[in-house]
Amino acid sequence: MGTFGYFWLVIWAILGAINSSQADLQLNFYAKTCPKAEEIVQDYVHEHIPNAPSLAATLIRMHFHDCFVRGCDASILLNSTSSSGNQTEKAATPNRTVRGFDFIDRVKSLLEAECPGVVSCADIIALVARDSIVVTGGPYWRVPTGRRDGLISNASEALANIPRPTSNFSSLQTNFSNKGLDLKDLVLLSGAHTIGIAHCSAFSSRLYNFSGILGNQDPSLDSEYAANLKAKKCKTINDTTTIVEMDPGSFRTFDLSYYRLLLKRRGLFQSDAALTTSSTTLSYINELLQGSRQDFYKEFALSMEKMGRIDVKTGSSGEIRKHCAFVNS
């Protein structure tokens, strides 16, 4: 082989190594090792989510928060242990309002009964998130499987990597870019807020303490909407328990109304409002609103599949946990 041929062989080997983690994910990864795996997940979701549709929002949020810290490796599920003294991602502020851990555990126990030690907790999160959205009438997206579970989970990393509700546009752009996601992905994935709910504490600074000045209200928030929130929902700056719909009047429907609210300056979070401060993201919002719900679903599906591939562990990386809350001993 000539020098030139060897050079290209080396280049292809490097490119192959870079892309191997993504290439190792495949549709129906468990077809031979646990052929009923995806059916078991789907059946459980179909049985239980219709009775608690708000769980769909928290499960897709769990998937998002998991993928943004060390990749989609179920590190969000690990419990803190007294022996190590380490606080895991679960303990971090952004994850204290995440629900659905017991739901994931129940699905895992069904899969362990069917095929012990085969299906990862990381794949369970990805499949459950998708199936939950579908069963509540939302979009379908492909979920290639083969993720393995991570061994490390740190609260500090969750705090540093998960986008905050108080984020401005440049922070969001950096957060997403660091994960290989672009501005179109930012707009589309934010669209999941159409079925979201939030605690007052996530946005009360916009009502009572904007820019750290007590009594200040965020001027970018529609004043009528702000007055309504103060009078009927978040009546004090210290309210940490009241829950507010992120897409009032339509929060059970996965639709485009979230984007319409953004243009009316009625996005609940500063990070929602930030999407209208860039000409690029604003044009994406307007494009979505000019299209159909099905167009939105197709675009959202592509961004979800892309997110589900962030820094995945495959092959011999990580492990297949026996219990999602603990690494194998």
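The model is predicted, so local features were taken only at pLDDT of at least 70 and side-chain atom pairs only at pLDDT 80 or more, whereas totals for chains, interfaces and linings use all residues. Residues are numbered from 1 along each chain as its sequence is written, and side-chain values use heavy atoms, with hydrogens and water left out.

The protein chain has an average pLDDT of 92, a score that gives the predictor's confidence in each residue from 0 to 100. A pLDDT of at least 70 is reached by 92% of the residues. Residues 9-23 fall below 50. Beyond near neighbours in sequence, this stretch makes five contacts in the model, a contact being heavy atoms within 4.5 Å. Where pLDDT is low, the predicted coordinates should not be read in detail.

Helices were assigned as DSSP runs (H or I, at least four residues; strands are E, at least two) and numbered from the N terminus. Helix α7 spans residues 169-178. Its buried residues are Phe169, Leu172, Asn175 and Phe176. Burial was judged by relative accessible area (buried under 20%, exposed over 50%, partly exposed in between; 1.4 Å probe, protein chains only). Seen down the axis of α7, the buried residues fall within an arc of 125°, so they line one face of the helix. The arc is that of the directions from the helix axis to the C-beta atoms. An α-helix has 3.6 residues a turn, so residues three or four places apart point the same way. The cover over the buried residues of α7 includes α3 (54-67), α6 (155-161) and α8 (183-190). It also includes α12 (270-273) and α13 (279-290). Gly180 follows α7 and has a positive phi, near 80°.

Salt bridges were counted where a side-chain nitrogen of Lys or Arg lies within 4 Å of a carboxyl oxygen of Asp or Glu. The count comes to 14. One of them joins the side chains of Asp102 and Arg106, at 3.5 Å from N to O. These two residues are four apart in helix α4 (residues 101-114), and about one helical turn separates them. Asp102 is partly exposed, at 46% relative accessibility. Arg106 is also partly exposed, at 36%.

Another salt bridge links Asp185 and Lys306, with 2.7 Å from N to O. Asp185 belongs to helix α8 and Lys306 to helix α14 (residues 293-307), so the pair ties together parts that are 121 residues apart in sequence. Asp185 is buried, at 4% relative accessibility. Lys306 is partly exposed, at 34%.

Glu224 pairs with Arg266 in a salt bridge whose closest N and O atoms are 3.9 Å apart. Glu224 sits in helix α10 (residues 223-232) and Arg266 in the loop between α11 (257-263) and α12, so parts 42 residues apart in sequence are tied together. Glu224 is exposed, with a relative accessible area of 58%. Arg266 is partly exposed, with 24%.

Leu151 lies in the loop between α5 (121-135) and α6. Its relative accessible area is 52%, and Leu151 is thus classed as exposed.

The C-alpha atoms of Thr88 and Ile152 are 8.3 Å apart, although 64 residues separate them along the chain. Thr88 occupies the loop between α3 and α4 and is buried, at 5% relative accessibility. Leaving aside neighbours within four places in sequence, Thr88 contacts Leu78, Asn79, Ser80, Ser153, Asn154 and Ala155.

Positive phi values also occur in residues other than glycine. Arg70 has a phi near 65°. Arg70 lies in the loop between α3 and α4 and is partly exposed, with a relative accessible area of 32%. Ser211 has a positive phi of about 60°. Ser211 is placed in the loop between α9 (204-208) and α10. Ser211 is exposed, with a relative accessible area of 58%.
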